[in-house]
Amino acid sequence: MITRLLVANRGEIARRVFATCRAVGVQTVAVYSDADADAPFVAEADLAVRLPGNTPAETYLRVEKILEAARRSGADAVHPGYGFLAENAEFAAAVTDAGLTWVGPPAKVIAAMGDKLAAKALLADAGVPMLPSWTDTDEVTGFPVLVKASAGGGGRGMRIVRAADDLAEAVASARREATAAFGDGTVFIERYVERGRHVEVQIFGDAHGTVAALGVRECSIQRRHQKIIEEAPGDLPPGLRERLHETAVAAGRAVDYVGAGTVEFLLAPTGEFFFLEMNTRLQVEHPVTELITPVGLDLVRMQLLVAEGAPLPEPHHYPATRGYAIEVRLCAEEPALGWRPATGTLHRFSVPGVDREFGWLQRSGLRLDSGVVAGSVVGVHYDSLLAKLIAVAPTRAEAARLLAGALSRAELHGVATNRDLLVRVLRSREFAAAEIDTGFLDRHPEVFEPLLPADQVPVTALAAALAGAAHRRATAPVLSGLPSGWRNVPAVAQVTRFVGPDGHEVEIHYRLDRAGRLADWSSNPPAEDSAERPTVVLVEATPARVVFDVDGVRRGYRVHRVGSAVFVDGPDGSASLTELPRLPLPTAEVAAGSLLAPLPGAVTRVHVQVGQRVTAGEPLLTLEAMKLEHPVLAPVDGVVAELPVPTGAQVRTGAVLAVLDDLPASHHDPEPSSPEEDPR
């Protein structure tokens, strides 16, 4: 039996596996990079071994160092988690060759399914339906198509192509991203199905020849081909669930599958479904399957039992479900800015109403599987996933409402997240009606808007200003009982300036009377689009809480200050503000036309040269961060004046990447003299 398990992974999945190990009495070993030395998963392990590496990103890919860590710690088994080496056949074989128990499918199965082209050929012979695919761009017949990485998943190395002229660059870009993520740049091309749904079947096999289907998951809400909302058992037509189960089991039996796996399908609007891939590991979204089983299923426990040689526990199939479960992936990213990864320190991470972490719930409620806690530092080296929040309830509508409510009230301070987008999707009419497919986000730009309406930002900033005043009075060494800004004779208003959530300045003017009541206030920009601003009465102001009566409705605001950063959570949404100093220090000027790095990362490509004329939207450079490519585009037409960073350079946020000069007057397109002569 397994007595000490090393998890060759990090973050949320390491904590998830450790939770089950504690429950069944197995000791745990963490391995960690220097960047993760203070991470929660390291602190929770019974033993932890540092992995040396040239960069944090490659640390968890060094097979020989992981095996050395297992030897030094006395581990007798290895769990790969997901990502990194989880679907690496050579790693699985090396673990077994070292005399350790491998908690996963056999190496030969991983190898067979890891090459998607070979997997398609193998499973087609077993009767699994396939989409047409090509490996040569000259053979492609018809568009749109999807370029896919052969050796990995998670949306990396995938590109939708709608025109033949764009195919070559899409293939080249996908190869670069696949090479960076998986060490293998092999790609292939597949027919792209418009309005398709992503559905998948959780399968489990044992060494005694049993392969079981444990249910269907719906994973159609995706960004950049990566899932962000998953649900089970899914809303499917009669009979389809059974056919999906049968096909997935047939795929598992075709390769003598052992362990946890997922067979993914594309469901066309016609009702046809096609094989996408088989993931030979535990999936990120496995909690929704666990939570709808009436028997308290723990998929990690089943992995351990099967790895020890035990048969699947009875019953092999779990057709009965209880209720509905929905999971969201909370990620450090800014959806409205092209899903730009976000970094920083999580000064506060609090989700209200959580019933349990990393475990089954006996009734409706919330489960949190998180890789971070308050104080965690989010860097650029790894995936942007922070946590998964899962709701289970009697119906899909109730689960969505419970999940959206908890997310909207969560305090997530210090790092930008996709929280607002997730809430808007869960509350949308289309999601409620199950009118979803993989193109959902492309068709619904309204979900990218922040929860906090723009006209509520000034009132929110007023709450921040008054909380700041209360903090200063509470910590004043003398006369702390006097109201902030008190004068014998009414004088000018106090002024507090913030950088608002949209990056623009918000200036708050306010005056308190002798009793500490709000006598007057205004903002620039004003609180409303109209000339009539709301009537605001101050009910309470402490350093951590401000309560207003706004036009007869009482509204409470929670305020959290960290240095100049002020985080305000109110009834309409949350805002991150930066208080500006009253007497700012001089700063270095940036040359006009400078393009600054939006995040730290590596410059992987420079597409232009100094002196080149570019048009708005043209790619200038490509940055790589959090395993994804992020193009830097020209904001306007111009001429490249400077390119201070070469290919391969590591840059920090705010570094100058390029400088554009305006086009000479002679180069500007002439204005049309009349509609008939309009060159467009």
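This section describes the strands, cores, ring contacts and cysteines of one predicted model. Residues are numbered from 1 along each chain as its sequence is written, and side-chain values rest on heavy atoms, with hydrogens and water left out.

Helices (DSSP runs of H or I, at least four residues) and strands (runs of E, at least two residues) are numbered from the N terminus. Strands are said to pair if DSSP finds at least two bridges between them. In general, the strands of a sheet pair through backbone hydrogen bonds, either parallel or antiparallel.

Another set of strands is arranged around β31 (residues 565–570), of which six of six residues are buried, where buried denotes a relative accessible area under 20%, exposed one over 50%, and partly exposed a value in between (1.4 Å probe, protein chains only). Ala565, Phe567 and Asp569 point one way from β31, while Val566, Val568 and Gly570 point the other way, and all are buried. Strand β30 (residues 553–562) runs antiparallel to β31 and is joined to it by five bridges, with valine 562 standing opposite alanine 565. The two strands form a hairpin with two residues between them, and glycine 563 in the turn has a positive phi of about 65°. On the pairing of β31 with strand β32 (residues 573–579), six bridges are found in the antiparallel sense, with serine 576 of β32 as the bridge partner of phenylalanine 567. This hairpin, too, joins its strands, β31 and β32, through two residues.

Burial also marks helix α13 (residues 419–426), which is largely enclosed by the rest of the structure because seven of its eight residues are buried. The buried residues of α13 are Arg419, Asp420, Leu421, Leu422, Val423, Val425 and Leu426.

Nonpolar cores were defined as sets of buried Ala, Val, Leu, Ile, Met, Phe, Trp, Tyr and Cys residues joined through side-chain atoms within 4.5 Å. The largest nonpolar core has 53 residues, and those with the most contacts inside it are Leu5, Leu6, Phe41, Val78, Phe91 and Phe204. With neighbours within four places in sequence set aside, leucine 6 is in contact (heavy atoms within 4.5 Å) with residues including Val29, Val31, Ile66, Ala69, Ala70, Val78 and His79. A second, separate core of 42 residues includes Ala342, Ala400, Val415 and Phe440.

The structure holds seven aromatic pairs, for which the ring centres of Phe, Tyr or Trp (its six-membered ring) must lie within 6.5 Å, planes under 30 degrees apart being called stacked, those over 60 edge-to-face and the rest tilted. One of these is the tilted pair of tyrosine 60 and phenylalanine 84, at 5.1 Å centre to centre and with 40° between the planes. This pair links distant parts of the chain, 24 residues apart, with tyrosine 60 in the loop between α3 (56–59) and α4 (63–73) and phenylalanine 84 in the loop between β4 (77–79) and α5 (89–97). Tyrosine 60 counts as buried at 0% relative accessibility, whereas phenylalanine 84 counts as partly exposed at 23%. The rings of phenylalanine 265 and phenylalanine 273 form an edge-to-face pair, because their planes stand at 80° with centres 5.3 Å apart. Ring pairs also link Tyr60, Phe84 and Tyr382 into a cluster.

A charge is taken to sit over a ring if NZ of Lys or CZ of Arg is within 6 Å of the ring centre and within 35 degrees of the ring normal. Arginine 191 lies over the face of phenylalanine 274, at 5.9 Å from the ring centre, and the charged end of arginine 223 sits over the ring of tryptophan 339, 5.8 Å from its centre.

A search of the whole structure finds zero disulfides, a disulfide being a pair of cysteine sulfur atoms within 2.5 Å. The sulfur of cysteine 331 is 14 Å from the closest cysteine sulfur, in cysteine 219, and is therefore too far for a bond. Cysteine 219 is buried at 0% relative accessibility, and cysteine 331 is buried with a relative accessible area of 3%.

Key:
This is a predicted model: local features need pLDDT of at least 70, side-chain atom pairs count only at pLDDT 80 or more; totals for chains, interfaces and linings use all residues.
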